[in-house]
Amino acid sequence: MACRNGCCCGSGPINEDNARFLLLALFIIIYLLCGAAVFSALEQPKEREAKERWAQRFEHFSQKYNLSKKDLNNFLRNYEEANVAGIRVDTIRPRWDFSGAFYFVGTVVSTIGFGMTTPATIGGKVFLMFYGLLGCAATILFFNLFLERVITVIAVVLKSCHERHHNKAVLPQNGRRLSEGGRPGGAGGAGGGGGGKGQDLAGWKPSVYCVMLILGVAAILVSCCASLMYSAAEGWGYLDSLYFCFVAFSTIGFGDMVSSQRVVYEGYATAVYRLGNFFLILTGVCCIYSLFNVISIVIKQVLNWLLRRLEAPCRCCFPRRGHHPHRHPRRNVVAPGHLRARRDPSIETDAINESETDTGRRMSGEMISMRDFLAANKVNLAIMQKQLSEMAIGHPRQSSSSSRQNGFSGGVGALGIMNNRLAETSVDR
């Protein structure tokens with residue numbers, strides 16, 4: 001069957017955002033299938049062994065005490081109900097005193113949800129719906145604000161290191177400093193050299209990969225320190241403690257291992273341990289949340305790279321860039337304001353990145369300047385409202401000129417913050 005307009009898809013050109021979405025959905029499906037295969041191969045033999053062992057113990061217990069299997073099953077069902085209510089064989093801390101309730105609401109608003117404590121009354125379940133709605137939203141906002149400040153600190157530190165390296169790279173000659181062009185910094189040259197240096201430093205932005213490395217190291221350090229504390233206080237193995245840290249910090253929260261559940265910790269100040277547990281979980285969740293968002297930017301860059309690789313076999317689905325006279329700039333490109341002012345929509349982004357920087361260094365995966373980020377934050381809510389209203393009425397989004405004026409393009413929420421902080425472009429990867 002001949003494809004319409006020469007398109008192998010048969011439906012005309014595909015929007016780049018839609019293509020990226022479909023590619024990501026395909027990747028997630030394949031990722032889920034591979035994960036299911038690995039976990040099934042690793043865990044299924046253990047599950048079968050546990051079932052066989054339990055069946056033997058159940059049979060032996062019913063024969064030893066002359067109990068019918070029906071009565072024994074009914075008793076076990078009663079214990080399961082008590083287990084849901086927080087009753088365990090070993091003595092544990094009360095679940096619904098003030099400190100236990102505070103631990104519970106902390107797992108709710110942080111979306112960890114260990115599951116070892118759940119409301120049993122109708123009033124508690126109804127209240128949880130409304131309480132979690134506001135609490136989870138406020139906590140996600142807190143994580144986003146934490147992410148902004150972490151990226152700011154990292155950017156300041158990395159830029160300071162870059163400035164020191166830049167100053168050492170400018171060698172003195174006859175008591176005068178050389179500019180980037182090699183001219184001595186005399187009376188007139190000093191101004192030119194200073195201007196060149198200022199422009200070079202103004203255009204410099206930390207790499208997203210460097211930021212990801214720093215956040216990864218920070219998350220590992222927090223997890224290792226927390227694991228030491230949990231191994232000593234809870235009696236867990238160090239690997240089990242690391243496993244608990246990842247499950248808790250990433251807000252997966254299986255509930256198979258939960259910290260700070262004993263009534264008293266012998267040899268340790270119980271109040272100090274519980275306070276340290278609270279702050280370590282809070283810090284770990286913030287670090288892992290920030291790391292996940294940076295990794296999502298890298299994944300998006302990989303998807304953009306794959307889309308460019310797919311352009312060759314299907315030029316009509318992914319129109320060749322630079323040949324369409326009315327093609328708008330890429331919506332995902334985030335560049336400093338003084339560069340966007342000179343941007344020609346018909347110019348390829350690669351050419352912009354090569355010509356607009358002093359060293360010809362490409363800007364993909366780099367952070368935008370603080371001035372552009374602050375300007376972007378002021379209009380973030382307005383842009384989100386505009387996008388939602390356009391989607392509601394079914395009107396297509398307009399040209400990216402408004403996003404260029406506002407200082408950023410594409411993305412709201414955590415991904416929007418990262419797109420504002422990090423110049424997420426795919427053209428150079």
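What share of the contacts in the protein with a separation of 6 or more comes from residues 24 or more positions apart? With contact meaning heavy atoms within 4.5 Å, such residues account for 69% of them. The structure is a predicted model, in which local features need pLDDT of at least 70, side-chain atom pairs count only at pLDDT 80 or more, and totals for chains, interfaces and linings use all residues. Residues are numbered from 1 along each chain as its sequence is written, and side-chain values use heavy atoms, leaving out hydrogens and water.

The protein contains 13 helices and four strands; these are DSSP runs numbered from the N terminus, helices being H or I of at least four residues and strands E of at least two. Of its 429 residues, 36% are buried, where buried means under 20% relative accessible area, exposed over 50% and partly exposed in between (1.4 Å probe, protein chains only).

A look inside brings us to the nonpolar core, a set of buried Ala, Val, Leu, Ile, Met, Phe, Trp, Tyr and Cys residues joined through side-chain atoms within 4.5 Å. The largest has 37 residues, and Phe114, Leu215, Tyr230, Phe244 and Phe249 touch the most other members. Two or more residues each come from α4 (122–169), α6 (208–234), α7 (238–249) and α8 (270–309), with α8 giving the most, 10 residues. Leaving aside residues up to four places away in sequence, Phe114 touches several partners, including Tyr103, Phe244 and Met257.

Finally, the cysteines: counting a disulfide as a pair of cysteine sulfur atoms within 2.5 Å, there are zero disulfides. For Cys245, the nearest cysteine sulfur belongs to Cys224, 8.5 Å away. Cys245 is buried at 0% relative accessible area, while Cys34 is partly exposed at 44% relative accessibility.
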